[in-house]
There are 2 protein chains.
Amino acid sequence: MTSGTPALEWTDLDKKAVDTVRLLAADAVQKVGNGHPGTAMSLAPAAYLLYQKVMRHDPTDPHWAGRDRFVLSCGHSSLTQYIQLYLAGYSMTLDDLKSLRTWGSQTPGHPEYNHTPGVEVTTGPLGQGVANAVGFAMAARRERGLLDPDAAPGESPFDHHVYAICSDGDLEEGVSAEASSLAGTQQLGNLTLLWDDNRISIEDDTNIAFTEDVAARYEAYGWHVQTVDWTNGGTGYEEDVQALWDAYQAAEAVTDRPSFIQLRTIIAWPAPSAQGTGGSHGSALGDDEIRATKELLGFDPDQTFIVDDEVIAHTQSVRDRAAEQRKTWQESLDAWTSANPERAALLERLKKRELPDGWDADLPVYEADAKGVATRVASGDFLSAAVAGLPELWGGSADLAGSNNTTPKGEPSFLPPERSSEKFQGDWYGRVLHFGIREHAMGAIMNGIVQHGLTRPYGGTFLVFSDYMRPAVRLAALQELPVTYVWTHDSIGLGEDGPTHQPIEHLAALRAIPGLDVIRPADANETIEAWRTIMGNTDRPSALALSRQNLPTFPRGTDGYAEASLTARGAYILLDTEGDPDVILFGTGSEVQIAVKARELLAAEGIAARVVSMPSREWFEQQDESYRNQVVPPTSRARVSVEAGVAFGWRDVVGDAGRIVSLEHYGASADYTTLYNAFGITAEAVVAAAKDSI
Amino acid sequence: MTSGTPALEWTDLDKKAVDTVRLLAADAVQKVGNGHPGTAMSLAPAAYLLYQKVMRHDPTDPHWAGRDRFVLSCGHSSLTQYIQLYLAGYSMTLDDLKSLRTWGSQTPGHPEYNHTPGVEVTTGPLGQGVANAVGFAMAARRERGLLDPDAAPGESPFDHHVYAICSDGDLEEGVSAEASSLAGTQQLGNLTLLWDDNRISIEDDTNIAFTEDVAARYEAYGWHVQTVDWTNGGTGYEEDVQALWDAYQAAEAVTDRPSFIQLRTIIAWPAPSAQGTGGSHGSALGDDEIRATKELLGFDPDQTFIVDDEVIAHTQSVRDRAAEQRKTWQESLDAWTSANPERAALLERLKKRELPDGWDADLPVYEADAKGVATRVASGDFLSAAVAGLPELWGGSADLAGSNNTTPKGEPSFLPPERSSEKFQGDWYGRVLHFGIREHAMGAIMNGIVQHGLTRPYGGTFLVFSDYMRPAVRLAALQELPVTYVWTHDSIGLGEDGPTHQPIEHLAALRAIPGLDVIRPADANETIEAWRTIMGNTDRPSALALSRQNLPTFPRGTDGYAEASLTARGAYILLDTEGDPDVILFGTGSEVQIAVKARELLAAEGIAARVVSMPSREWFEQQDESYRNQVVPPTSRARVSVEAGVAFGWRDVVGDAGRIVSLEHYGASADYTTLYNAFGITAEAVVAAAKDSI
């Protein structure tokens with residue numbers, strides 16, 4: 001044992017509890033007939049150690065603000081977490097374990113956020129959890145900075161640790177590599193990642209695909225790295241829990257770097273035949289093997305779901321320890337509350353995700369301007385105007401800050417001060433995030449930041465690179481996390497960088513994601529209104545698609561133009577006709593101006609066209625039917641949409657009689673006006689389509 | 001100089017040529033007003049060294065089979081490649097350089113495959129090129145194995161080297177990490193990656209986001225790593241070309257590992273003010289700075305696009321050297337051709353991407369079977385049956401081989417023999433790929449394999465994880481590469497793993513990608529026909545969406561069921577009515593059986609329903625109008641589609657009067673029959689929708 005670290009108490013009852021865990025895992029998978037028993041068995045001592053000895057948490061209050069956080073990145077081994085929740089006395093019963101992977105149960109195949117008390121994050125898609133944990137650790141620092149910046153290290157009620165467990169697969173995925181590199185740069189001393197190094201994945205021996213020196217890689221990232229080898233170099237398996245305890249203590253003592261613990265295990269230990277096999281990873285062990293394992297461990301092979309009363313009484317004593325820890329913590333919080341009434345009020349507000357009164361009183365309003373501004377610039381203006389009143393709003397870019405306009409004026413970077421550059425001043429508690437060219441980690445880290453509880457992150461890149469972060473976007477939508485994506489350069493309007501950088505299909509592909517709001521503002525004022533609406537939503541991610549190029553600022557409230565506040569409706573009549581329109585023109589973002597111009601051309605020919613600006617289909621679908629019918633009367637069948645992207649999905653809006661002005665192929669490298677003309681995204685094309693539709 | 005390596009000749013003319021490169025880069029960006037001059041300037045000596053001294057290539061024949069391959073992963077620095085193509089005498093003129101980033105030019109913003117002679121791959125989205133290069137190196141080994149497996153190392157006309165240049169951004173992206181780890185496992189001695197370590201990206205100093213020890217990371221991957229520091233530890237910049245040459249020679253001498261060369265540079269060197277700045281990365285330098293640089297280098301500041309006759313004559317002499325190399329190579333190839341007539345015929349066939357006669361004579365045909373088989377199993381059957389006749393077809397999975405059924409029976413793995421496992425026998429020239437849990441690298445590596453020229457790869461994962469590889473899928477579509485994705489577990493039919501693993505929106509999101517064929521077969525026989533059709537296509541990627549669960553095998557050619565060969569049409573009448581149908585039911589994949597059952601239920605109520613199986617919307621859209629109208633008469637407006645995914649995009653098919661049986665939310669963890677019923681993807685729902693539509 002490292003001298004000076006607390007002693008580990010590990011009795012026969014603990015050992016029995018660990019064996020109980022293994023057999024519960026085997027039985028649960030066997031009962032439903034499918035699942036992942038192997039890791040839950042061999043990792044039982046490690047998970048038990050965390051939940052029973054290492055982590056500070058309160059089974060009676062999974063949302064206790066003083067708790068350490070736990071992320072099971074290898075979500076397929078959900079039993080690793082469920083069984084610990086059960087033993088520790090969370091709202092998880094033996095019957096829940098018996099209902100594993102069945103309809104309506106507390107114990108779905110992978111842990112699900114907002115579904116099972118004690119689960120902090122939905123995991124399963126590999127690599128994500130590692131990046132989520134990095135987000136947790138970053139959020140913890142930022143939140144401490146907002147609430148208790150001057151406390152000595154470890155002395156604040158807002159100090160806690162983030163623990164994660166991951167598998168081989170998590171570390172093969174690029175997203176974990178991206179996030180881990182950034183965690184090194186950020187010197188996240190409050191993060192400890194345990195790697196279950198069992199050298200088995202679904203294709204069995206990982207030697208066929210994963211031969212790198214992972215520990216050396218994490219050292220290269222600047223992490224504190226330790227190895228605990230329960231295989232003793234292959235000479236004989238011994239679950240040296242003391243060594244793992246020591247490693248956790250050492251990790252906690254290192255506060256200037258994140259910690260990585262390589263734990264060498266044998267999967268499905270100690271099942272006599274299944275141990276060390278790929279089969280045990282993702283399949284039930286079979287009755288015979290489970291019987292043999294029970295006999296080996298001194299359990300009754302004829303019984304299933306065996307939990308000795310003595311065991312459960314012992315493990316649920318974590319509640320008593322929690323009550324004690326909580327008492328001390330509450331005193332610390334009370335003292336903080338008395339000393340910091342304003343911050344305490346802030347904490348209450350942030351917990352409820354409420355916006356302060358008048359937060360949006362001074363948002364920019366743009367005068368009519370034919371030359372206009374790019375919507376990405378307006379978005380940057382919003383951030384600069386809004387951040388003073390919204391300390392919870394923070395974010396940055398995947399190395400495109402200047403292009404994405406994601407840096408609010410005068411705000412420091414969230415960065416160890418020693419990492420400051422000429423352009424960016426680092427502050428431990430800073431606000432501007434530098435993700436590096438790591439879109440995927442950016443997405444997953446933002447999910448972790450939101451899940452941690454108090455703040456609201458945004459992250460920018462080019463819209464085309466939303467593809468790089470798509471798995472994290474999907475998880476934000478699935479978990480209903482209020483993350484905001486600032487995706488600029490949202491069409492061929494990007495110009496010279498060419499087809500690799502020009503999104504064509506992305507708006508459609510993003511609209512297809514359930515629970516994601518996609519918003520493409522038409523001008524600067526719509527952009528402000530879009531942000532205002534986004535900030536009011538707390539249960540879903542929002543994606544802003546913003547222009548690189550200047551867009552005219554429409555003369556709101558004059559010349560027949562509607563107010564920009566209607567943006568919140570998702571679609572609205574920007575310019576109407578007198579009487580019934582002959583045709584309705586729908587546009588989004590930079591193409592609304594094309595619809596406006598087409599309306600003029602049509603008017604010259606005596607055709608009355610209504611222009612509907614449709615920044616967000618999702619928001620429009622949430623409006624009541626009468627509003628929707630007012631904007632788009634079902635009887636008005638002549639309709640044209642114009643958007644510089646694929647038509648896919650637009651038929652819903654324009655109907656059988658409608659026409660879609662779209663782009664069904666990739667772009668090209670040239671200035672954007674050339675591209676719009678060459679590809680026929682023009683007012684003339686809209687006019688022709690309108691006549692065709694009427 | 002390392003002893004024993006060839007000597008480098010580097011004259012004043014070479015130096016002048018390098019300076020010419022820098023100024024051409026500055027002038028080209030200045031002329032168009034946007035672009036990336038900095039890297040092209042500072043990397044000029046390295047790129048020149050490669051094209052003029054290191055690589056074997058023939059400017060008069062960019063497709064010469066004996067050439068080394070070059071990948072510019074940092075595609076934004078496209079001038080790095082364009083200018084070398086110009087100097088070496090490819091079909092690239094000074095006027096082309098003057099047309100940088102303009103409509104119709106040979107010199108788009110990023111290098112584009114099949115657009116500019118000498119460009120092997122489209123790059124720009126960062127990290128992809130590194131993975132493409134790994135794919136090149138793997139393909140080179142596989143192709144050698146098919147054509148000349150017994151030649152001594154370096155003695156085959158099919159031996160060549162793969163060179164890549166990458167930037168900081170490439171190495172921050174997870175996809176390069178994934179591919180580089182795999183390259184280490186695969187011991188790709190034919191690959192050398194140069195990292196332009198200039199510590200500048202768009203957000204300026206990379207110290208704010210990229211502080212890891214990259215060289216140590218590549219050592220951890222098992223690469224041979226060298227560092228060449230032109231900054232001399234920051235004491236003074238000296239472009240020590242000899243040291244870089246030595247590093248390339250040493251890299252070539254190491255044949256049991258890929259090589260990584262860290263080249264420490266100062267971006268935009270030697271521009272007096274712009275050097276070392278973030279501004280020089282992505283913006284024109286400005287006239288004054290360019291003048292100053294020209295003066296510094298002894299060029300006339302009043303001229304632009306300066307190329308001394310002596311310089312171009314010198315650099316184009318690479319053609320003469322190529323002619324000599326080619327003579328020797330041709331002799332070697334001729335000798336091989338005489339000795340290997342069958343393999344020579346194979347080479348000719350592979351070059352044309354033609355299929356051999358009768359290759360598909362013995363593909364499986366499945367008898368009618370109500371219990372049926374999963375389409376993923378049928379896909380595996382296809383592979384096992386087809387590989388004997390198609391040596392070009394190879395592939396594997398991102399660690400889901402058993403689930404994706406991607407391992408043809410009896411085939412060895414593409415793997416150093418020492419990496420063999422109990423389950424997989426490794427062979428240097430093997431056929432089964434083990435990507436590890438690295439979907440993104442899998443996608444990008446497959447692109448590189450196709451681009452290398454002779455073979456056709458496939459790669460498998462769960463459909464939901466198509467998101468992880470989406471940037472590479474897009475690039476396959478953009479480049480028209482015949483890659484095949486084997487995406488199984490294609491709906492809530494996956495069952496117990498729950499919402500993180502159940503694709504809902506993926507079919508829609510993939511159909512939105514221009515140039516990608518999405519095919520979702522309804523039964524085993526459709527699966528075989530889908531593969532047959534895919535193999536006949538050479539200009540586009542194909543995505544198979546396959547079921548986890550068994551699907552009934554329809555009784556083809558009896559009981560009114562159409563032949564499965566109609567699969568190639570994309571949609572066809574599976575079961576018709578007598579006379580005009582009252583309603584048309586569209587289904588894809590596992591939901592076609594639901595449409596069939598609904599047809600029976602409707603028939604019992606006297607409603608005549610046609611069932612259209614629609615495995616591929618893209619294929620159907622390629623059919624002539626008369627066929628399309630025959631399958632879906634425009635006058636038949638009562639239509640219902642059923643697919644266990646979002647409705648997005650289906651309105652095109654069913655029209656205003658149609659109804660869509662779909663899933664607009666995420667799934668859940670339970671057995672799949674429960675899910676289909678709970679979520680209303682049932683025959684009863686189709687019946688109700690049909691009545692509603694009529």
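**Close-up views of cysteines and salt bridges**

View 1. A:Cys74 is buried, at 1% relative accessible area (buried is under 20%, exposed over 50%, partly exposed in between; 1.4 Å probe, protein chains only). The model is predicted: local features need pLDDT of at least 70 and side-chain atom pairs pLDDT 80 or more, while totals for chains, interfaces and linings use all residues. Residues are numbered from 1 along each chain as its sequence is written, chains are lettered from A and ligands numbered from 1 in the order written, and side-chain values use heavy atoms, without hydrogens and water. Over all chains, zero disulfides are found (cysteine sulfur pairs within 2.5 Å). For A:Cys74, the nearest cysteine sulfur belongs to A:Cys166, 6.9 Å away. B:Cys74 is also buried, at 1%, and its sulfur lies 6.9 Å from that of B:Cys166, too far for a bond.

**View 2. Salt bridge between A:Glu348 and A:Lys351.** The closest N and O atoms are 3.5 Å apart (a salt bridge is a Lys or Arg side-chain nitrogen within 4 Å of an Asp or Glu carboxyl oxygen). Both residues lie in helix 15 (residues 341-351) of chain A, three residues apart (helices are DSSP runs of H or I, at least four residues, and strands runs of E, at least two, numbered from the N terminus). A:Glu348 is partly exposed at 39%, as is A:Lys351 at 48%.

**View 3. Salt bridge between A:Lys423 and B:Asp204.** The N to O distance is 3.9 Å. A:Lys423 lies in the loop between strands 10 and 11 of chain A and B:Asp204 in strand 5 of chain B, so the pair joins two chains. A:Lys423 is exposed at 55%, whereas B:Asp204 is buried at 11%.
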